[in-house]
Amino acid sequence: MGRERADVLAVYEGYLRCCNEHRVGDLGEFVAEDVSGSGPVDGLAAYVDGVREVITGFPDYHWDLQQVLVDGDTVAARLVGRGTHTGVFAGIAPTGRRLSTQELVVYRIVGRRIVNCWGDLHPVVRDALSR
């Protein structure tokens, strides 16, 4: 594995560990202040709010990495997320349902920070809850 690939992968793995430990206050270590991507609003604060919304709605939420591909500064990750809906998520009252969802996310990492993130978690979870 090349040094650049190892560095990019280390950033992603640290970020995923931070998310799984629900340390939203530490996400700035891995995510750039001006991050942009799949959310309706860009920036670190909005990004943190999005992660916080997931763990508020699903306090036991955990992302399991199934597959990861690294190409230069780009990471593509296939994840399975699991959690129990015991809090409000996207305006949906707690259902007590345990969900398992598959998510595909593409990140671009520059200078040891995620600068772009394109994913589908929020729509996938909202869809699963509406069934």
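User: Where does alanine 90 lie, and why is alanine 90 called partly exposed?

Analyst: Alanine 90 lies in the loop between strand E3 (74-84) and E4, where strands (E, at least two residues) and helices (H or I, at least four) are DSSP runs numbered from the N terminus. Its relative accessible area is 30%, and because buried means under 20% and exposed over 50%, with partly exposed in between (1.4 Å probe, protein chains only), alanine 90 is called partly exposed. This is a predicted model, in which local features need pLDDT of at least 70 and side-chain atom pairs count only at pLDDT 80 or more, while totals for chains, interfaces and linings use all residues. Residues are numbered from 1 along each chain as its sequence is written, and side-chain values use heavy atoms, with hydrogens and water left out.

User: What is said of the phi of histidine 22, and why is histidine 22 called partly exposed?

Analyst: Histidine 22, in the loop between H1 and E1, has a positive phi of about 60° although it is not a glycine. Because its relative accessible area is 25%, histidine 22 falls in the partly exposed class. Alanine 90, also not a glycine, has a positive phi of about 50°.

User: How do the residues of the lining of the largest pocket divide into nonpolar, polar and charged?

Analyst: They divide into 18 nonpolar, 8 polar and 4 charged, where Ala, Val, Leu, Ile, Met, Phe, Trp, Tyr, Cys and Pro count as nonpolar, Asp, Glu, Lys and Arg as charged, and the others, Gly among them, as polar. The largest share of this lining, 6 residues, comes from H2.
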